[in-house]
Every structure is written in C-alpha cells, then in structure tokens.
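Let's work through a protein chain together, one exercise at a time. Keep the picture at hand and try each task before reading its solution.

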Amino acid sequence: MPTTILVDYLFCRTCPSHEEGLQRLRDAADAAEVELDVRVVEVRDDDEAERLGFPGSPTYIINGRDLVEPAESTAPRADVCRAYELAGGRIGPLPHRDTLTEALVAASEHDGDPE
C-alpha cells in the first residue's frame, strides 16, 4: 500500500500558475508512487495570508513543512505569486516536478514523523 502524504496546497486565485501547480503536485505524487491527502487552501485576504505565514502562491506544505524555505520578505499578502529557484539559477513560478517528487519521496521515507 502506498504511503499517504499530507500536503497543504496554498494559493491565491490571482496567481496564473495555481492550477498548473496543483496538477504538478499530482504528477509528482504519481512519479513518487505515493498517495496524497491534499488540503487545498485559497488565501483570500491579507489577514488570512498573515495568519498562515503565506509566502506566495503556490505554496506546498508537505507534512507540515514548506517545500522550500521562503526568502525573507515583507508582510504576507494574499495577492503575491511565489518564485522558485530552478536548475541553472533560473527562477520560475513553480518548482520543478523533480523537486516535488524528491520532497514527496523524502516525506514517505520519514513516514510523516517529525525529525
């Protein structure tokens, strides 16, 4: 039976990559051969962004940990798109699928236990 990984997928609707970001997560789960328990959270306003510590859209919280440590920034806002570092130092609106796959594999190996 495949491992089930808890993922909070936080996004804002103004981010043009939010639908592709969720599909990329599902593709990565297929590649990692894990099941996902995804909680999709639309961040609708700045108060909610502040409460969640929202660094931008999309954000992947895997077993309680952000996929990528967010860079220091100003106060969280609901209408901010997130940037991810890609191979070769490039920046993109989504993490590479392999980055997500590796994070899901690592989470399944830890079986959800905190380190």
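**Exercise 1. In which sense do S3 and S4 pair, and over how many bridges?**

Before we start, note that this is a predicted model: local features need pLDDT of at least 70, side-chain atom pairs count only at pLDDT 80 or more, and totals for chains, interfaces and linings use all residues. Residues are numbered from 1 along each chain as its sequence is written, and side-chain values use heavy atoms, with hydrogens and water left out.

*Solution.* Step 1: learn the labels. Helices (H or I, at least four residues) and strands (E, at least two) are DSSP runs, numbered from the N terminus. Two strands pair if DSSP finds at least two bridges between them.

Step 1: apply this. S3 and S4 are joined by 2 bridges and pair in the antiparallel sense.

Step 2: look at the turn. The hairpin of S3 and S4 has 2 residues between the strands, and Asn63 takes a positive phi near 50 degrees there.

**Exercise 2. Work out the order of the strands in the open sheet.**

*Solution.* Step 1: survey the chain. It has 3 helices and 6 strands, and from the N terminus on the elements run β-α-β-α-β-β-β-β-α.

Step 1: pick out the sheet. In it, 4 strands lie in the order S2-S1-S3-S4, with mixed pairing. S2 and S4 (65-66) stand at the edges with a single partner strand each, so one side of each has no neighbour in the sheet.

Step 2: check the directions. Strands of a sheet pair through backbone hydrogen bonds, either parallel or antiparallel. S1 and S2 run parallel, joined by 8 bridges, while S1 and S3 run antiparallel, joined by 4 bridges.

Step 3: follow one residue. Tyr9 has Val40 as its bridge partner in S2 and Tyr60 as its bridge partner in S3.

**Exercise 3. Which residues of S3 are buried on its two faces?**

*Solution.* Buried means under 20% relative accessible area, exposed over 50%, and partly exposed in between (1.4 Å probe, protein chains only).

Step 1: read S3. Thr59 and Ile61 are buried on one side, and Tyr60 and Ile62 are buried on the other, so both faces are covered.

Step 2: turn to S1. Here 6 of the 8 residues are buried, so S1 is largely enclosed by the rest of the structure.

**Exercise 4. Which residues have the most contacts inside the largest nonpolar core?**

*Solution.* Step 1: define the core. A nonpolar core is a set of buried Ala, Val, Leu, Ile, Met, Phe, Trp, Tyr and Cys residues joined through side-chain atoms within 4.5 Å.

Step 1: name the residues. The largest nonpolar core has 19 residues, and Ile5, Leu25, Tyr60, Ile62 and Leu104 have the most contacts inside it. S1, H1, S3 and H3 each give two or more residues to this core, and H1 gives the most, with 5 residues.

Step 2: zoom in on Leu104. Contact means heavy atoms within 4.5 Å. Leaving aside neighbours within four places in sequence, the contacts of Leu104 include Ile5, Val7, Leu25 and Ile62.

**Exercise 5. Where is Glu33, and is Glu33 buried or exposed?**

*Solution.* Step 1: Glu33 is in the loop between H1 and S2.

Step 1: at 65% relative accessibility, Glu33 counts as exposed.

Step 2: phi of Glu33 is positive, near 60 degrees. Most residues other than glycine have a negative phi, and most peptide bonds are trans.

Step 3: for a peptide bond, look at Ser57 and Pro58, which are joined by a cis bond with omega about -10 degrees.
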